[in-house]
Amino acid sequence: MTKDDCIFCKLANGVIPTNKIYEDDDFTVILDAAPAARGHSLILPKQHSDNLYTLPDETAAKVMPLARKIANAMKESFHCDGVNVLQNNEEAAGQSVFHFHVHVIPRFKKDILSLLWSPGKPSDEEQQKTCRELSDALK
């Protein structure tokens, strides 16, 4: 299913022209229009899901192998020092287009991108409580 009012559905399905670097039956990979770095790419499923929560298992199973393929192409083409693979869900996590997508960003040792956070220092009790809560939710 696609959504008529979804820009990423239109980009993924060729309704709007893109700088496409890869396409198969399930995905289109395009260069990001506002890249964090040269080669910053977006993996767009052709079928609409708002985010990871609603993504079909079959689609989810294909995303990381495709991200690996794109990352390897970046290493070969740009000789980058690393690659970020990012996926955001909901506004609080930085999602601004509500169609599941994955960013693949080539990185270099001296680039100025900042995608880091300050590590927390939870107590053992906090970690155990968090572990119980998540484990219970997975049952």
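Let's start with a word we'll need: a contact means heavy atoms within 4.5 Å. Helices (H or I, at least four residues) and strands (E, at least two) are DSSP runs, numbered from the N terminus. What you're looking at is a predicted model, where local features need pLDDT of at least 70, side-chain atom pairs count only at pLDDT 80 or more, and totals for chains, interfaces and linings use all residues. Residues are numbered from 1 along each chain as its sequence is written, and side-chain values use heavy atoms, with hydrogens and water left out.

Begin with the sheet. Five strands make an open sheet in the order β1-β2-β3-β5-β4, with antiparallel pairing; two strands pair if DSSP finds at least two bridges between them. β1 and β4 sit at the edges with a single partner strand each, so one side of each has no neighbour in the sheet. On average, neighbouring strands are turned by 20° against each other, direction ignored.

Now walk across some of the pairs. Five bridges link β2 and β3, and Ile30 has Leu42 in β3 as its bridge partner. β3 and β5 share three bridges, with Ile43 opposite Val102 in β5. Strand β4 (residues 82-86) is joined to β5 by five bridges, and here Val85 faces Val104.

How many of the six residues of β5 (residues 102-107) are buried? Six of the six are, where buried means under 20% relative accessible area, with exposed over 50% and partly exposed in between (1.4 Å probe, protein chains only). Val102, Val104 and Pro106 point one way, while His103, Ile105 and Arg107 point the other way.

Next comes helix α2 (residues 57-78), which has 22 residues and reaches 32 Å from its first C-alpha to its last. That is close to the 32 Å expected at 1.5 Å a residue, the expected span being 1.5 Å times one less than the number of residues. The helix lies across β1, β2, β3, β4 and β5, at about 20° to β5; axes are lines fitted to C-alpha atoms, for helices over the stretch in contact, and angles run from 0 to 180 degrees between N-to-C directions. Its buried residues are Thr59, Val63, Leu66, Ala67, Ile70, Ala71 and Met74. An α-helix has 3.6 residues a turn, so residues three or four places apart point the same way. What covers the buried residues of α2 includes β1 (20-23), β2, β3, β4 and β5.

Finally, find His40 in the loop between β2 (27-31) and β3 (41-45). His40 counts as buried because its relative accessibility is 5%. Its contacts, not counting residues up to four places away in sequence, include Ile30, His103 and Ile105.
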